[in-house]
Amino acid sequence: NNVLVRKLVGIETSGSLNILFTDKTGTLTKGKLEVIRFMLGNLNEYSGISEVSSKYQNTFINSLIYNNESSYDKELNKIIGGNITDKAIMEYIKINKNPNIKIIDRTYFNSKNKYSLVITEENHKHFKYIKGAPEIILDKCTKYLNEEGFKQLILDKEKIKNKLKTITKKGIRVICVAYNEENNKTINNLILVGFLFIKDEIRKESINTVNSIN
């Protein structure tokens with residue numbers, strides 16, 4: 001089985017295991033966070049940005065690239081700066097910031113607020129983008145954007161919350177994204193853009209091992 005045993009007693013010991021503890025990140029998994037898909041307020045899920053309308057894409061992309069400490073270098077095809085979550089998000093979209101859109105104010109993420117916020121200006125029009133924990137942001141949303149980029153009333157938040165619970169139980173991290181067109185730092189009367197599902201995927205060579213243990 002191509003197993004190198006440093007001490008022969010290890011063979012006997014492994015034959016009587018009831019519980020095996022193993023490192024996960026980088027051992028069973030790739031050790032890299034990836035956006036695997038996103039979900040709208042109507043619970044419809046998509047794997048790629050191209051699957052939704054251009055009108056929705058515009059708000060979705062702006063929400064992700066301006067409220068983000070990472071940036072995309074197109075020439076090097078490389079993500080620069082930011083934490084692992086921001087890098088995963090920027091890797092997912094790989095789009096440069098528009099120099100005509102200016103960030104005029106921001107609130108950085110912290111463990112107390114559980115969200116980050118930026119206010120942008122373009123042609124004297126303001127947009128406020130919020131990204132963070134669903135349990136904080138969802139309750140502040142009154143509407144959501146559908147696939148066509150139109151605003152719809154959120155009628156059943158409990159249904160959304162139950163869906164998110166099912167997702168997080170699978171070991172998937174959920175990031176909520178919302179916005180409105182106000183020039184202030186409050187987080188009321190938000191429009192839900194969607195939920196990003198982020199996961200450190202299991203390595204291909206680990207799948208058979210994990211399945212045999214289960």
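Tyrosine 56 and phenylalanine 60 sit four residues apart in helix α2 (residues 54-66), so about one helical turn separates them. This is a predicted model. Tyrosine 56 is buried, with a relative accessible area of 0%. Phenylalanine 60 is buried as well, at 1% relative accessibility.

**Aromatic pairs**

- A pair of aromatic rings is described by the distance of the centres and the angle of the planes.
- The structure holds six aromatic pairs.
- One of them joins tyrosine 56 and phenylalanine 60: the ring centres are 5.6 Å apart and the planes meet at 25°, so this pair is stacked, the cut-off being under 30 degrees.
- Phenylalanine 127 and tyrosine 129 also form a stacked pair, with 6.2 Å from centre to centre and 10° between the planes.
- Phenylalanine 127 and tyrosine 129 are both buried.
- One aromatic cluster is made up of Phe38, Tyr46, Tyr56 and Phe60.

**Helix α2**

- The buried residues of α2 are Tyr56, Thr59, Phe60, Ile61, Asn62, Ser63, Leu64, Ile65 and Tyr66.

**Nonpolar cores**

- The largest nonpolar core has 30 residues.
- Phe38, Tyr56, Phe60 and Leu196 have the most contacts inside this core.
- At least two residues of the core come from each of β1 (29-39), α2, α3 (84-93), β7 (125-132), β10 (173-180) and β11 (190-202).
- Helix α2 gives the most to this core, with six residues.
- Another core, of 23 residues, lies apart from it and includes Ile119, Ile137, Ile187 and Phe197.
- Beyond its neighbours within four places in sequence, phenylalanine 38 is in contact with residues including Tyr46, Tyr56, Phe60, Tyr92, Phe195 and Leu196.
- Other contacts of phenylalanine 38 include Asn44, Glu45, Gly48, Ile49 and Val52.

**Strand β7 and its partners**

- Six of the eight residues of β7 are buried, so the rest of the structure largely encloses this strand.
- Strand β6 (residues 115-122) runs antiparallel to β7, and eight bridges join them.
- Threonine 120 has phenylalanine 127 in β7 as its bridge partner.
- The hairpin of β6 and β7 has two residues between the strands.
- Asparagine 123, in that turn, has a positive phi of about 55°.
- Strands β7 and β10 are also antiparallel, joined by five bridges.
- Isoleucine 130 has alanine 178 in β10 as its bridge partner.

Conventions: Residues are numbered from 1 along each chain as its sequence is written. This is a predicted model: local features need pLDDT of at least 70, side-chain atom pairs count only at pLDDT 80 or more; totals for chains, interfaces and linings use all residues. Side-chain values use heavy atoms; hydrogens and water are left out. Rings of Phe, Tyr and Trp (its six-membered ring) pair if their centres lie within 6.5 Å; planes under 30 degrees apart count as stacked, over 60 as edge-to-face and the rest as tilted. Buried means under 20% relative accessible area, exposed over 50%, partly exposed in between (1.4 Å probe, protein chains only). A nonpolar core is a set of buried Ala, Val, Leu, Ile, Met, Phe, Trp, Tyr and Cys residues joined through side-chain atoms within 4.5 Å. Contact means heavy atoms within 4.5 Å. Two strands pair if DSSP finds at least two bridges between them.
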